[in-house]
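Please work through each task with the structure at hand before reading its solution.

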Amino acid sequence: MLGSTCPLWLLAVVTFSLVPRAQPLAPQGFEEEEIDKTEPPPVPCDYDRCRHLQVPCRELQRVGPVACLCPGLSSPAQPPDPPRLGEVHVVAEEGCAVVHWCAPFSPVHHYWLLLWEGSGAPQKGLPLNSTFRKAELKGLKPGGTYVVCVVAANEAGESHVPGAGGQGPQAADMLAFGPCGRLSVPPRPLSLVHAAVAVGTALALLSCSALVWHFCLRDRWGCPRRAAARTAGAL
């Protein structure tokens, strides 16, 4: 009995060793699909806090297939930080100025401008929505000096303005990147021309008056040189 089973066992071992083993299928297609489905890393949103009519960053996140990254903002339960005042372009001929600013890193619902002319209460501009980054000031007087501040507001309150309760911000309160700045309106070019004409006319009249006065004295008292010559000839 044992002698008959041994050849069968050896034959089974030899047959199993001769049969090629099945190679596992390499999941190449599966790996390629996984690589193709891998989402690209998020990138910063095309958001510029100094750009006029800038779309809010949360709306930019909904546009692309992948949500972009927005800058960090403070809590909406806190008043916004002060905006940063930018370039102020004064147009003396029209008596106006265009004020630019940059949004703070805070939730903002709207902005407005405060304008001081000398002492007293400021003039408050109309509210502007959160996409605005510039506004126009009108009615500025030629040769006048003003102080302008940008204010941001949300449901929790409004940004801090130095000296808002008094006569406006002083020179020490106007930081390089703060919300306030001083602007001076130069005189109109026509005013300078009129002033130059007036000064020239005054000088011409003064010169004519001096000449008339000189000739009047000469006719009355005579020429000093001629009088001296006559006296020498008589001697």
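Strand 3 and strand 4 (residues 123-124) are paired in the antiparallel sense over two bridges. Here strands are DSSP runs of E with at least two residues, numbered from the N terminus, and two strands pair if DSSP finds at least two bridges between them. The model is predicted, so local features need pLDDT of at least 70 and side-chain atom pairs count only at pLDDT 80 or more, whereas totals for chains, interfaces and linings use all residues. Residues are numbered from 1 along each chain as its sequence is written, and side-chain values use heavy atoms, with hydrogens and water left out.

**Exercise 1. Strand 3 and its partners**

Task: Determine which residue stands opposite Lys124 of strand 4, and how many bridges join strand 3 to strand 7.

Solution. 
1. Opposite Lys124 in strand 4 stands Leu114.
2. The hairpin of strand 3 and strand 4 has six residues between the strands, and Gly118 in this hairpin takes a positive phi near 70 degrees.
3. Strand 7 (residues 145-154) runs antiparallel to strand 3 and is joined to it by seven bridges; Leu114 stands opposite Cys149 there.
4. Strand 5 is also antiparallel to strand 3, with two bridges between them, and His110 stands opposite Asn129.
5. As to burial (under 20% relative accessible area with a 1.4 Å probe, protein chains only; exposed is over 50% and partly exposed in between), six of the seven residues of strand 3 are buried.

**Exercise 2. Aromatic rings**

Task: Find how many aromatic pairs a search of the whole structure gives, and describe the geometry.

Solution. 
1. Rings of Phe, Tyr and Trp (its six-membered ring) pair if their centres lie within 6.5 Å; planes under 30 degrees apart count as stacked, over 60 as edge-to-face and the rest as tilted.
2. Because Trp101 lies in strand 2 (residues 96-102) and Tyr111 in strand 3 (residues 110-116), the pair ties together parts that are 10 residues apart in sequence.
3. Both Trp101 and Tyr111 are buried.
4. Another ring, that of Trp112, has Lys124 over its face at 4.2 Å from the ring centre; the criterion is NZ of Lys or CZ of Arg within 6 Å of the ring centre and within 35 degrees of the ring normal.

**Exercise 3. The open sheet**

Task: State in what order three strands form an open sheet.

Solution. 
1. The order is 1-2-6, and the pairing is antiparallel.
2. Strand 1 (84-91) and strand 6 stand at the edges, each with a single partner strand, so one side of each is left without a neighbour in the sheet.
3. Six bridges connect strand 1 with strand 2, and His89 stands opposite Val98 in strand 2.

Methods:
Helix = DSSP H or I, 4+ residues; strand = E, 2+ residues; numbered from the N terminus.
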